[in-house]
Amino acid sequence: MRSSSIPLVVPCLSGNAARYLEDCVRTNFVSSVGPFVERFERELAAYVGASHAVACSTGTAAIHLALRALEIGPGDEVFVSSFTFIASANPVVYQGATPVFIDSERRTWNAHPELVIEELERRARMGLRQPKAVEIVHVLGQPAELDALVAACERYGVALIEDAAEALGATSRTESGERHVGTRGRIGCFSFNGNKIMTCGGGGMVVTDDAAIAGRIRHLSTQARIPGRAYDHDDVGYNYRLTNTAAALGVAQLEALPGFVDAKHAIAERYDEAFAERPRLTLPPRVEEHRATYWLYSILLEDVVTRDRVLDRLAAAKIEARPLWTPLHTMAPFRGARLLGDGAVACDLAARGLSLPSSVSLTESEQHHVIEVVLDALK
Ligand SMILES: *Cc1c(COP(=O)(O)O)cnc(C)c1O
């Protein structure tokens, strides 16, 4: 038996991380002013192909600022994926707006675009008020289906927000070429929490091609303070700016990101190969036009009993794994919220799904061990 445990996902602080952090200490720039913040914004914008990027303290803050910049407030609805982490929807409630959840599709496990488009069309036909925004999550590193949705949102004047917190580095083939997740809607949001594909310790980023929105978000993230000598403010803002130390880590991690994406692909390929052609095991989506990052490599088993048995066996072997996201429309904070679709797909994914160790530093021998335990539990 192995004595050490295998974690679900841990950071890999390679490359220039220590050097850049030391630089912050040496120059005394450790807080919200310093050269790494601007550099991190510029380099992340260039990496994903967005015109503007604004760094903020968390991914949740990034989503909150996106909603604030779009002036979403009480009485407004926001359509949000149901099968996701709760931070996708909480900021809607911070703003006093009403989330309407969207069931998933089988092809990508993400929000079903047809459910959204049908509802927008229905409302247009009936002369009903449209949602102020549609927030689509690229869950577990899988790009969502956006082509038709981008067009429908444009047609009905609804802002599209992408929660790309779990999918930095993932791309989709589109009519305008290969595009990074987060760059197709009006605003895209990323997270650099400790468990994401790259980390700042904690952090987030908003990307957009709209200069006015970027400026507004930057302003709101720094307490809406008017530049100048006096402490004068023209709005109620937030202390949501990223620190220079966190950004220093971000710059180093971004340099390593292409290697991390490759490592995630290698891990996914090895799992796929080991689990292929097992009739009662479903592999994560592989969609021809999308290049996922497999942030957390996840599979579906036959039923909830089998899934829980596999989770128990992994836990006994000191391997960290976890069930997939509980659909938000079933959770206490959102009880009574409206839902597009019947929620059957999101609930099925949550009941039968689990995520396996996916750290970029996972060794082949560790992965082999994980695979053995899973296959053994299915015998
Ligand atoms: C991690 C995550 C967030 C929030 O990011 P934080 O940096 O932890 O605030 C938002 N949405 C999704 C889908 C996430 O996985």
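**Group meeting: the ligand and the spaces in this model**

Okay, let's start with the ligand: 16 residues surround it, and the closest are G59, T60, E166, S191 and K196. A residue makes that list if one of its heavy atoms lies within 4 Å of the molecule. Keep in mind that this is a predicted model, where local features need pLDDT of at least 70, side-chain atom pairs count only at pLDDT 80 or more, and totals for chains, interfaces and linings use all residues. Residues are numbered from 1 along each chain as its sequence is written, and side-chain values use heavy atoms, with hydrogens and water left out.

So what touches the ligand's oxygen atoms? A polar backbone atom of G59 is 2.7 Å from a ligand oxygen. From S191, a polar side-chain atom also lies 2.7 Å from an oxygen atom of the ligand. K196 has a side-chain N or O atom 3.3 Å from a ligand oxygen. By itself the ligand exposes 390 Å², and the protein buries 93% of that (areas by the Shrake-Rupley method with a 1.4 Å probe).

The shell around the ligand has five nonpolar, eight polar and three charged residues. Here Asp, Glu, Lys and Arg count as charged, Ala, Val, Leu, Ile, Met, Phe, Trp, Tyr, Cys and Pro as nonpolar, and the others, Gly among them, as polar. Helix α3, residues 59–69, gives the largest share of that shell, three residues (a helix is a DSSP run of H or I, at least four residues, numbered from the N terminus).

Where does the ligand sit? Its space is the second largest pocket, meaning more than half of its atoms lie within 2 Å of the pocket's grid points. A pocket is an open set of points on a 1 Å grid over the protein atoms alone, with protein on both sides within 12 Å along at least five of seven lines; a cavity is a set where a 1.4 Å probe fits but cannot get out, and lining residues have an atom within 4 Å of a point.

This pocket has a volume of about 190 Å³. Of its 17 lining residues, T60, F85, A87, S191 and K196 are closest to its centre. Volume here is the space filled by probe spheres set on the points, which are joined across faces, edges and corners.

Now the cavities: there are five of 30 Å³ or more. The largest holds about 80 Å³, and among its 15 lining residues, V10, P11, C12, K196 and I197 are closest to its centre.

Key: Polar contact = N/O pair within 3.5 Å; in protein donor to acceptor, adjacent residues only side chain to side chain. Helix = DSSP H or I, 4+ residues; strand = E, 2+ residues; numbered from the N terminus.
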